[in-house]
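User: I have not seen this structure before. Could you take me through it?
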Amino acid sequence: MTDKIADPEGAPPEPGAPDAPDAGAVVPGTPAAVAAQAGGPVAGASLWQDAWHDLRRRRLFWASAAILLLVGAMAAAPGLFTDRGKNEDCDPNAAKLPPGGGHLFGTDVSGCDYFAHVVHGARPTLLIGVAVTAFALVIAVVFGMLAGYYGGVLDALIARVTDVFFGLPFVLGATVILVAFPGHGIGAMTLVLVLLGWTTMIRIMRAQVIAVRDADYVQAARLLGASDLRIMRRHILPNAIAPVVVVATLNVGNVIAGEATLDFLGVGLQYPQVSWGLQLNQAQSYFVDHPHLLIFPAVFLSATVLSFLMLGDAVRDALDPRLR
Amino acid sequence: MWRYVARRVLQAVPVFLGTTFLIYAMVFALPGDPIQALAGEKPLAPSVVHALRERYNLDDPLLVQYAKYLGGLLRGDLGETFDGQDVAGVLAGRWTVTAQLALTAWLFELVVGIALGVWAGLRRGRLADTLVLGGTTLVIAVPVFVLGYTAQIVLGLNLGWFPTAGTDDGWPMSYVLPGLVLGSLGLSYVARLTRTSLAENLRADYVRTARAKGLTKARVVGRHTLRNSLIPVVTYLGVDFGSLMGGAIVTEGIFNLPGIGQQVFESIQLKEGPVVVGAVTLLVLIFLAVNLLVDLLYGLLDPRIRYD
């Protein structure tokens, strides 16, 4: 069996190895049917296809994907889950009701349906988590690439700026900025979290670029007259990005937890915004007598963060076969 | 080695300036007039306002203010609050609380984290491993304030094992519960890091050699494998000590501990710039010092590392 997909222990594809066709993967004269039986076209077994093949067989991957799909649906179309809008149909006389009756999750401090609140809370939470990570990833990839590829003064400069932001305590730094600019919405929250959250990924990206920049295939491309931009885009980027993508997936969970912490402290999103962190903020004075106020948002928040962490773990294991 | 230390200290200087300037500029941008806030609703005499603004350098441009602040810092002067207290004095009282809390949390990370990691790493793929991996993932996923309240209710209120709030019982009793909550995240990362690193190193050739020589398992693991496996863990533990000091706001709030985090959080709301900048400056200094120390520790754990 020469198909490396079917035998992951035998020929582990190195992450960061060249994307070139694997000489051992194709045996001349092998009928296409055999290759198909062994799990897809052999010649196209890139790192990502390998990883996807591995991922498909993991239960944890499917479990976290299912949870994220559910939460994603809540964020994209809350109307599918509840008829009530944000902060609608609130009855102060029916505040803090336990779950049951007409309210699946009970009611909150101002008598709003808690289930509707939890559904509407998915959007800002997820949006901020994904947007912050996407922006931070772009910054990390671009500047990590430049620093790692060119080195020298540019590298030193970027490293020092990274150190400056890395040294800022997260909660304290975010609190100062958010208090300085009151009346912030989702956009401003995203900006603040990006500002304090891009440093980890850039360090990993830089290290990866340095690891592959002197590889033979990069030298070959340079000798063939490829421009710096082309070398970076076509040769270094595909071989350096895998670990950064893993950290980015894990990072979505961390950002969501961080955003909830700021909401909880009262400096993040404000009423009439609805988010899980804000709900936990309102619950903190009442949860001893009304535990449902704490439990429901906490469960959804934790399940979402957990799913991103498990997804990241699964992707890492799929991309890095050494630990199988 | 001393050249290495000197170079690192030199590198730390621009980082220190950048971080403190960033915080100073952000505090500078805080809305509201701190002088007017002193008097509440009452109008202040223009001469008083002028004198006060002069005293706190409020009319200078940002860069000049920052330079004057740095000048004071070099003389060991952290400035004074707008109601005339010495910032160093205000922080000193709070500092001991946060230091005790961070140290407790750090000890949990060090002892429990490494112990769990070794336990799981030696039994990779077995029940212990699955338990540690699952448990730590769960702890990482649950937000720290939810963990805090749960611990407070269950271990403090219902079981009554530990005091639920305040510092009346002193160290260690008052700090066990908050320390555990604050350290839970780092503890999980330390356990996972130790586990992975140990499991990887156990496959190394030198471990097989040590076994072949007939050494006891305790000696193979303790003396050979663990020492090499702990290098990434030491890095994490070092970097985390800084974030434990600065990240204690939530834990201090839940358990009502009058530490630095609480103080800074209040000061931000009250626009007490000098206290905020002073506290963050000290935190950054600790962070940089610990990082340097960790890098020097590498040499003790791995003699192959040379500083030049």
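Analyst: A definition is needed before counting: helices (H or I, at least four residues) and strands (E, at least two) are DSSP runs, numbered from the N terminus. The model is predicted. On that definition, chain B has 13 helices and zero strands.

User: And how many helices and strands are in chain A?
Analyst: Chain A has 13 helices and zero strands. Its elements, taken from the N terminus, read α-α-α-α-α-α-α-α-α-α-α-α-α.

User: What share of chain A counts as buried?
Analyst: Of the 324 residues in chain A, 43% count as buried. For chain B, the share is 39% of 308 residues.

User: What does chain B span along its principal axes?
Analyst: The C-alpha trace of chain B spans about 85 × 55 × 30 Å along those axes. Among contacts in chain B with a separation of 6 or more, 75% involve residues 24 or more positions apart. In chain A, 69% of the contacts between residues at least 6 apart in sequence join residues at least 24 apart.

User: How many residues does each chain bring to the contact between them?
Analyst: Chain A gives 32 residues and chain B gives 36 residues. On the side of chain A that touches chain B, α5 (152-167), α6 (170-180), α11 (242-265) and α13 (292-319) each supply at least two residues. That side of chain A divides into 25 nonpolar, five polar and two charged residues.

User: Switching topic: which residues touch the most other members of the largest nonpolar core?
Analyst: That core has 153 residues, and those touching the most other members are A140(A), V176(A), M201(A), M205(A), V244(A), L280(A) and V276(B). Helix α4 (residues 114-150) of chain A provides the largest share of this core, 16 residues.

User: What is M201(A) in contact with, apart from its neighbours in sequence?
Analyst: Beyond four places in sequence, M201(A) is in contact with A136(A), L137(A), A140(A), V244(A), V247(A), A248(A) and N251(A). M201(A) is also one of the buried residues of α8(A), together with I202(A), M205(A), R206(A), Q208(A), V209(A), V212(A) and R213(A).

User: Another topic: where is L55(A) placed?
Analyst: L55(A) is in helix α2 (residues 47-55) of chain A. Leaving out neighbours within four places in sequence, L55(A) is in contact with F61(A), A314(A), V315(A) and A318(A). L55(A) and L311(A) are 256 residues apart in sequence, and their C-alpha atoms are 9.5 Å apart.

User: Why does L55(A) count as partly exposed?
Analyst: L55(A) has 18 other C-beta atoms within 10 Å. A residue is buried at 20 or more and exposed at 12 or fewer, so a count in between makes a residue partly exposed.

User: Lastly, what is the mean pLDDT of chain A?
Analyst: The mean pLDDT of chain A is 79, and 84% of its residues reach 70 or more. Over residues 1-41 of chain A, pLDDT stays under 50, and the model has 60 contacts beyond four places in sequence for these residues.

Notes:
Residues numbered from 1 in each chain as written. Chains lettered and ligands numbered in written order. Predicted model: local features only at pLDDT ≥ 70, side-chain atom pairs only at ≥ 80, totals over all residues. Contact = placed C-beta atoms within 7 Å. Nonpolar A, V, L, I, M, F, W, Y, C, P; charged D, E, K, R; others polar. Core = buried A, V, L, I, M, F, W, Y, C linked by C-beta atoms within 7 Å. pLDDT = per-residue confidence, 0-100.
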